[in-house]
Amino acid sequence: METAIPLGRIAGVRVGMSWLVPLVATLWTLLLAERVLPLAVPGRTPTAYWLAAVGGAAGYFASILVHEVGHALVGRRDGMAVKGITLSLLGGHTEFESEPATPGAELRVSAVGPLANLALAVGFQLTTAFVGADAFGGVGLAGQVVRWLAVMNLLLAVANMIPAPPLDGAAVVGAMVWMAVRDRTRAALITSGIGIVVGVTVAGLGAWLLVRRVDPFTGVLVLGYGLFMVQAARRQRAVAPALGRLRAAPVASVMVPDPPIVPEWATVGDVVTWAAAHPGHRAFPVQAADGRITGVLTAPLVDAIDPGRWATLRAIDLAWPIDRVPLAGADESVLAVIRRAPEPAVPILVLGPDGRVAGVASPDAAERAGYVPPP
Ligand SMILES: [Zn+2]
């Protein structure tokens, strides 16, 4: 996830924005205030144009937010934990901690975004019939902004349905192919193939606009986005087989089983001594007197501090606190577990059916399961 400026929560979902959003919002406002609105409704004061333009730009980002909140809420209803929404340069992105479990869920979660924009387009278009009608029978400044929002939402709905990653259309097609072939990995390979063809077509269209000088500016944008789609589809294709293996491998197959459990009163020095007697272990769950696991101490944390402090520093004070350590069931897939891991350095505590510690999976669990990152 790109570094995001936090904006708050909507229906419990964390929302942030890329620092590019204020820039894009300014460009939209400028375009509306200086070009679109004066052309559509001449003879108003600059202040009126600017106020209307700010409303239009805000409405545009609100529309993108409605699209993303749609993904988030439908995903949550389908049992997917939502990490958060980020508004960015080209729209937005909703990140989940887990994948859709079924093709039906994938279809619902991906289709709802464009459908939300389609509904907004219809809603805005109907609203123009009531807003800002003036004596000359046209629509006023407010009506023009609402009409612009209707057009933008229609464009958002159509553009997002293009079947090439990273757009929603690719996921919609992917879900339908998955339904048809009943094999998620094969579906991803087929869908990425479609994405490559679509991306090349879009890039070709951009090149044509550019070379024929029909609209060189749009040409460059379309060419660039087409190439971006091809790249995203090629990446999807490259990782599909490995993702399939990670989905099939239980985390128990890659964890280090039965790690030595250390008491909270132990010092880092104690743990270093015990670790020498347990070769192969690099993560040590820390247990409170009442039996609860309260943290996990890892070798990199110990290596990072001055050995002079080992004798006095308590293990629990150096360990990852338990509320930062992802917990996993031993039968969960490696993919499900690593998607939940907040950062690569944090170990994953694997619990057996009885709720006791069964093992610790290191952040390289994916590589252990045979994942080879694409070139
Ligand atoms: Zn979307």
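Predicted model: local features only at pLDDT ≥ 70, side-chain atom pairs only at ≥ 80, totals over all residues.
Residues are numbered from 1 along each chain as its sequence is written.

**The sheet around that pair**
- Strand E8 (residues 293-298) and E9 pair in the antiparallel sense over 2 bridges; two strands count as paired if DSSP finds at least two bridges between them.
- These strands belong to an open sheet of 4 strands with mixed pairing, in the order E6-E7-E8-E9.
- Its edge strands, each pairing on one side only, are E6 (262-263) and E9 (320-321).

**The other open sheet**
- Here 4 strands run in the order E5-E12-E11-E10, again with mixed pairing.
- Strand E5 (256-257) and strand E10 (327-329) are the edges, and each pairs on one side only.
- E5 pairs with strand E12 (residues 357-361) in the antiparallel sense over 2 bridges, and Val256 stands opposite Val360 in E12.

**Overall build**
- The chain has 12 helices and 12 strands; helices (H or I, at least four residues) and strands (E, at least two) are DSSP runs, numbered from the N terminus.
- The domain assignment, which is automatic or from a database, gives domain 1 (1-161), domain 2 (163-248) and domain 3 (252-368).
- The C-alpha centres of domain 2 and domain 3 lie 40 Å apart.
- The C-alpha atoms fill a box of roughly 90 × 45 × 40 Å along the principal axes.

**Nonpolar cores**
- A nonpolar core is a set of buried Ala, Val, Leu, Ile, Met, Phe, Trp, Tyr and Cys residues joined through C-beta atoms within 7 Å; buried means that 20 or more other C-beta atoms lie within 10 Å of a residue's own, with C-beta atoms placed from the backbone.
- The largest core has 49 residues, and Leu37, Ala53, Leu149 and Ala164 have the most contacts inside it.
- Helix H4 (141-160) is one of the elements giving two or more residues to this core, and H4 gives the most, with 9 residues.
- Domain 1 and domain 2 each supply at least three residues to this core.
- Apart from it lies another core of 30 residues, among them Leu246, Val296, Val302 and Ala319.

How values were computed:
Buried ≥ 20, exposed ≤ 12 C-beta atoms within 10 Å, placed from the backbone.
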